[in-house]
Amino acid sequence: MITSDILGYSWLSLKGYKSRTLLMLLAMSISVASVLLLTALGEGARRYVNGEFASLGTNLVIVLPGRSETAGMGLNTMMGVTPRDLTLEDARALQRHSAITRIAPLNVGAAEASWQSRKREVTIMGSTQELLTLRHWKLASGSFLPDTEWDRATPVCVIGKKIRDEIFGAHSALGQWIRLGQNRYRVIGVMASEGRSIGIDVQELVIIPVASAQALFNTPSLFRILIESKSREAMQKVIEFTENTIKQRHHGELDVTVITQDAVLKTFDNILSALTYGVGGIAAISLAVAGILIMNVMLVAVSQRTAEIGLLKALGASRQKILVLILTEAMQLSLLGVFFGFILGLGGSWGIRSALPELQAYPPLWAILASFGVAMLTGLLFSLLPATKASKLDPVRALQGH
Amino acid sequence: MIKLEHIHRDFQVGDQTVHALDDINLEITQGEYLSVMGPSGSGKSTLLNLIGMLDHATSGSYSLADQNITEMDEQQEAQIRNKYIGFVFQAFHLIPRLSAAENIELPLVLAGIAPSVRQPKVEQALQAMNLVDRAHHKPDQLSGGQRQRVAIARATITEPSVLLADEPTGNLDQKSGEDVIDTLESLNKKGITLIIVTHDHHLGKRSARAIKMLDGRIESDQANG
């Protein structure tokens, strides 16, 4: 038989039994669609979390003073030496490395902010100009901290949107002098960024130059040093360089903790990927169920068409031809099911994306390929039994309709 | 052409063995016109199915066109059947979702013949059976006589040497039955070997050679004068 005839014959028999065909298509396409939809949701969640972390800044290395692990009975503990402060000098020493693109030393404290008669307690962050780019923050108006020497205590500040609203109300904030603790600072910018990062709400923040913050809080010690690495690949080098440099500067003792944002991100990524594979797998079971349905319906189809199969044999169709015909029919059915399943699944994930734009629910490529493969495979496997049964029918009895 | 030697065909019914065919010896030459008659259960349909290779002998040998069928595998048989044998059934056995033309075309389709070669043959068959205006009708839109003519066209489309008809007029009225027999006989006149199984004595008398069967044996085998 010519291929086009095989396809045509199977196609006509699918068309000939419409309700049966439609039922099978429904089962198949719902299974395929559920695989696509569930994996799209998982993938969307993964992208969402990734995106949230990326908004913290990319390729970030964070240096914290102190070290959580115990060093045992070393010389320092015996001598009663406490960990050294993380200083501006430490941060400056890190600037030398070529893989480090930006460094922002951080100093955090609280003070009372007042303007005219209005007062409120605010969180104050001391840093440098590079913080803005490093954290992917945006300004609503004015400018960020000036690009000056780090140890120059310029009396300027950038305030969060909420602070602006609460202290200045309807007045223009830019150019006003605001009192923070004992000192006065000129407002040069207002932050636009919303949302919080690492527990600090940008809207309620006042940012001043790091040297000013050191003076304000009367301490040389830094809260954090944020380092941006040139690339993801260079991060390990940056970490090593940072640890070595600080160790060297702190008389051979590594009394800081260096963490990467990537480590946290990777954990989340792994969890969410596992989740996506998990739901994908569960949905794939529904495909297998659809396969069993295909088997049942094909078995019924074969017994419905016993006389026809007997006739085909009488007209000179061999067992093998009957087998090919029935399998082709099942394959066409699976293919159509996959087709409609793709329409349903892709349409559905488009629907999810329209309803929840922050959730980028695209089914991953592996899920598309796997659902196609599994659908075709179950279609083939589960129609083997009915097809074999059909091919082995005794033509004489089959023609009598038994 | 057809040569059956010591053919036995046993069926197991419960714990009893039924001898549907009991030592059949039969030789049929090309172009003969045979009728096989006998009461129900005499083995005439079994004989026909065996000649058509739909059924297999328990013992004995069968050769068709000098080829030993008994030793063939299923695939070879299917080929031989497609090439040499045409079947006409009492119940027509047309495929309901296919049109008359498509039903007629089916053996050629199964044989893997290209559409361009098939088309003129189907046209010709439709013409010969006087079915041109019914070509695109589905079987349920045809009369009984027309259906059987479609079935005959289908059986003869591969130009087989043997045409096996099992009660071809059994489901037809007198007039349509006559038509169908006329058609079959005209095919026989063109050289096809025609074997008709029938209950109809009138039909039995029309054939050149009449075989009467009883209990799986050939009771008589005589030429009609």
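**Figure 1. Helix α10 of chain A and its buried residues.** In α10(A) of this predicted model, the buried residues are Thr306(A), Glu308(A), Ile309(A), Gly310(A), Leu311(A), Leu312(A), Lys313(A) and Ala314(A). Because eight of the nine residues of this helix (residues 306-314) are buried, α10(A) is largely enclosed by the rest of the structure. Gly316(A) follows the helix and has a positive phi, near 105 degrees.

**Figure 2. Surroundings of Leu312(A) and the largest nonpolar core.** Leaving aside residues up to four places away in sequence, Leu312(A) touches Tyr9(A), Ala317(A), Ile322(A) and Leu325(A) of chain A, together with Ile95(B), Leu106(B) and Leu110(B) of chain B. Leu312(A) is also among the residues with the most contacts inside the largest nonpolar core, which has 72 residues. Another core, of 32 residues, lies apart from it and includes Ala125(B), Val150(B), Leu187(B) and Ile196(B).

**Figure 3. The interface of chain B and chain A.** On the chain B side, 25 residues are in contact with 26 residues of chain A. The area buried between the two chains is about 2200 Å², and carbon and sulfur atoms give 64% of this area. Two salt bridges are found across the interface. In a salt bridge between Arg118(B) and Asp5(A), the side chains meet at 2.5 Å, N to O. On the side of chain B that touches chain A, the elements giving two or more residues are α2 (74-84), α3 (100-110) and α4 (115-128) of chain B. The residues of that side comprise 13 nonpolar, five polar and seven charged.

Figure 4. Over all chains, the structure holds 27 salt bridges. In the one between Asp151(A) and Arg92(A), the closest N and O atoms are 3.7 Å apart. This pair links distant parts of the chain, 59 residues apart: Asp151(A) belongs to the loop between β4 (139-142) and β5 (156-159) of chain A, and Arg92(A) to helix α4 (residues 88-94) of chain A. Asp151(A) is exposed, with a relative accessible area of 51%, whereas Arg92(A) is partly exposed, at 24%. Asp165(A) forms a salt bridge with Arg164(A), with the closest N and O atoms 3.4 Å apart. Asp165(A) is partly exposed, its relative accessible area being 39%.

Figure 5. The side chains of Glu32(B) and Arg209(B) form a salt bridge at 3.0 Å, N to O. Glu32(B) lies in the loop between β2 (16-28) and β3 (33-37) of chain B and Arg209(B) in strand β9 (residues 209-214) of chain B, so that the pair links distant parts of the chain, 177 residues apart. Glu32(B) and Arg209(B) are both buried. Elsewhere, Arg20(A), Arg305(A), Glu308(A), Glu329(A) and Arg97(B) are joined into one network by salt bridges that share partners.

Figure 6. Arg46(A) is found in helix α2 (residues 18-54) of chain A and counts as buried at 18% relative accessibility. Its contacts, not counting residues up to four places away in sequence, are Asp269(A), Leu272(A) and Ser273(A). Met125(A) lies in strand β3 (residues 118-127) of chain A and counts as buried at 2% relative accessibility. Met125(A) and Ser212(A) are separated by 87 residues in sequence and by 10.0 Å in space, C-alpha to C-alpha.

Methods:
Residues numbered from 1 in each chain as written. Chains lettered and ligands numbered in written order. Predicted model: local features only at pLDDT ≥ 70, side-chain atom pairs only at ≥ 80, totals over all residues. Heavy atoms only, no water. Contact = heavy atoms within 4.5 Å. Buried area = accessible area lost by both parts, 1.4 Å probe. Salt bridge = Lys/Arg side-chain N within 4 Å of Asp/Glu carboxyl O. Helix = DSSP H or I, 4+ residues; strand = E, 2+ residues; numbered from the N terminus. Nonpolar A, V, L, I, M, F, W, Y, C, P; charged D, E, K, R; others polar. Core = buried A, V, L, I, M, F, W, Y, C linked by side-chain atoms within 4.5 Å. Buried < 20%, exposed > 50% of the residue type's maximum accessible area, 1.4 Å probe, protein only.
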